[in-house]
Amino acid sequence: MFNMQESGYFNQYNPIGGVWDEMFGADSKIRDHYSKVISYLSQESPEELNKKEELAKRLFMTQGITFTVYNSGEGIEKIFPFDIIPRIITAAEWAFVEKGIKQRLTALNLFLKDVYHNQFIIKDGIVPIDIIYSCPHFLREMYQLQVPYDIYVHIAGIDLIRDHDGTFYVLEDNLRTPSGVSYMLENREITKRLFPDLLPQCNVRSVTEYPALLYKNLLALSPRPISNPTIVLLSPGIYNSAYFEHTTLARLMGVELVEGRDLVVDNHKVYMKTTNGLQQVDVIYRRVDDDYLDPLVFNPKSMLGVAGLMGAYRKGNVAIVNAIGNGVADDKAVYVYVPAMIKYYLNEEPILKNVPTYQLGNANEKEYVFANINKMVVKKTNESGGYGMLMGHASTEQEIEDYKNEILKAPRNFIAQPTISLSAAPCYIQGELAPRRIDLRPYALYGPNGIEIVPGGLTRVALKEGSLVVNSSQGGGSKDTWVLG
């Protein structure tokens with residue numbers, strides 16, 4: 001370890017009190033795994049670092065690495081803010097996280113199979129029946145439907161945070177169409193341009209295999225036993241906020257990027273329209289939500305889906321990734337029961353902890369939350385992207401009153417959690433290093449041969465000083481995530 005004073009950038013670095021700092025230990029020393037990066041940065045002048053930051057912005061712009069924010073009805077393309085200082089995770093921390101995610105994903109997948117087939121977990125009273133049947137994402141159309149290899153969650157993005165003592169917690173399980181993996185890949189490419197020597201020096205593990213692993217898993221799901229099955233990525237189109245990601249993944253995997261209007265179902269088989277006529281499709285990696293996938297079964301007004309797709313899926317003529325109906329497992333009201341699922345299906349203690357969570361459908365818990373609402377974060381059970389939340393400590397009395405009235409209309413649709421502190425990592429902000437709050441979304445791929453997780457993930461950063469909201473739609477950014485070998 002070496003002292004902060006040896007480096008100009010760190011004299012001003014003020015860790016946030018009561019918050020786990022990824023770089024800075026409690027004894028005012030830099031943690032070992034950050035020391036190489038810090039000594040490297042210390043030799044760079046602010047001019048050089050500013051140049052690197054400018055280069056990163058230019059690369060993001062020229063490569064179209066953007067996302068769309070919808071304000072006042074207009075879609076505005078924004079560059080995804082990127083912080084040049086990597087977030088570093090030790091080999092031991094990663095081994096723990098990886099083991100915890102594999103355990104959790106195994107249990108969640110067993111839960112999905114169970115809830116759509118025998119429902120043992122409901123019959124045994126582990127998960128209340130009304131929680132399942134009141135969940136808008138529990139799809140009766142999936143009941144008793146066989147999915148290939150019994151895998152429902154082929155791709156999971158499980159959000160992790162660290163509390164004030166460094167403990168990892170799972171904040172939420174994204175099991176439907178998790179996004180952000182293209183930023184993980186692009187952040188690494190840009191870091192290679194900015195700090196080419198540093199990655200090998202630090203023995204940083206690679207994340208670039210992700211598209212190849214995903215492609216291998218998609219190939220293995222083909223219902224037809226042929227050597228070159230047709231795989232497509234189904235996107236809602238250019239107005240979707242993650243369209244950049246859809247194009248990137250399709251390009252990196254070498255698969256066709258299609259929209260609903262490019263596909264047609266005939267005799268329970270799915271075909272892609274090509275200049276040479278129709279070509280049968282075997283596997284669809286879809287980035288369209290359940291409700292819009294098939295206007296004959298779900299939302300009849302949907303222009304994004306394919307009429308008859310559900311029939312082809314039910315017959316086993318096409319594989320769909322992720323499976324339809326997964327939302328019942330990542331509903332925030334069901335999240336409370338994941339530790340119980342791990343014990344029930346695997347007979348193991350959960351490795352990764354849940355954040356303590358109160359369900360407002362439960363009268364006693366609602367009373368407790370209302371009494372302590374200024375120390376709570378209240379969320380809708382089916383919103384994502386940081387929308388519809390109440391941050392108790394930062395809200396006015398009027399906002400709290402209005403929100404309570406919303407809750408009383410449909411308490412089942414809300415959960416509350418104590419405000420967890422979120423760890424901080426150093427960010428390069430206006431020529432100085434300053435701590436900002438972060439989370440981590442690793443991406444797990446579940447294929448016929450088991451679960452693989454590329455070592456890293458998307459570290460999202462709350463770039464506004466003092467903020468705890470890391471969502472890109474709410475002004476967050478991201479940084480490269482280094483897992484050391």
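Predicted model: local features only at pLDDT ≥ 70, side-chain atom pairs only at ≥ 80, totals over all residues.
Local features were considered at pLDDT of at least 70 and side-chain atom pairs only at pLDDT 80 or more, whereas totals for chains, interfaces and linings use all residues. Residues are numbered from 1 along each chain as its sequence is written, and side-chain values rest on heavy atoms, with hydrogens and water left out.

Helices and strands are DSSP runs (helices H or I, at least four residues; strands E, at least two), numbered from the N terminus. Helix H3 (residues 46-62) comprises 17 residues and spans 24 Å from its first C-alpha to its last, close to the 24 Å expected at 1.5 Å a residue; the expected span is 1.5 Å times one less than the number of residues. Leu49, Lys52, Glu53, Ala56, Leu59 and Phe60 of H3 are buried (under 20% relative accessible area; exposed means over 50% and partly exposed in between, with a 1.4 Å probe and protein chains only). Gly64, with a positive phi near 70°, follows the helix.

In helix H16 (residues 363-371), the buried residues are Lys366, Val369 and Phe370. Their arc of only 100° around the axis places them on the same side of H16, while Asn364, Glu367 and Ala371 are exposed on the other side. The buried residues of H16 pack against strands S14 (358-359), S15 (376-380) and S17 (414-418) and helix H17 (397-409), where contact means heavy atoms within 4.5 Å.

The structure contains 23 salt bridges, each defined as a side-chain nitrogen of Lys or Arg within 4 Å of a carboxyl oxygen of Asp or Glu. One of them joins Arg162 and Glu22 (2.9 Å, N to O). Arg162 belongs to strand S4 (residues 155-162) and Glu22 to the loop between helices H1 (8-11) and H2 (32-42), 140 residues apart. Arg162 is buried at 4% relative accessible area, and Glu22 is buried at 1%.

Asp83 forms a salt bridge with Lys479, with the closest N and O atoms 2.8 Å apart. Because Asp83 lies in strand S3 (residues 82-89) and Lys479 in strand S23 (residues 477-483), the pair ties together parts that are 396 residues apart in sequence. Asp83 is buried at 3% relative accessibility, as is Lys479 at 0%.

Conventions
Arc of directions from axis to C-beta.
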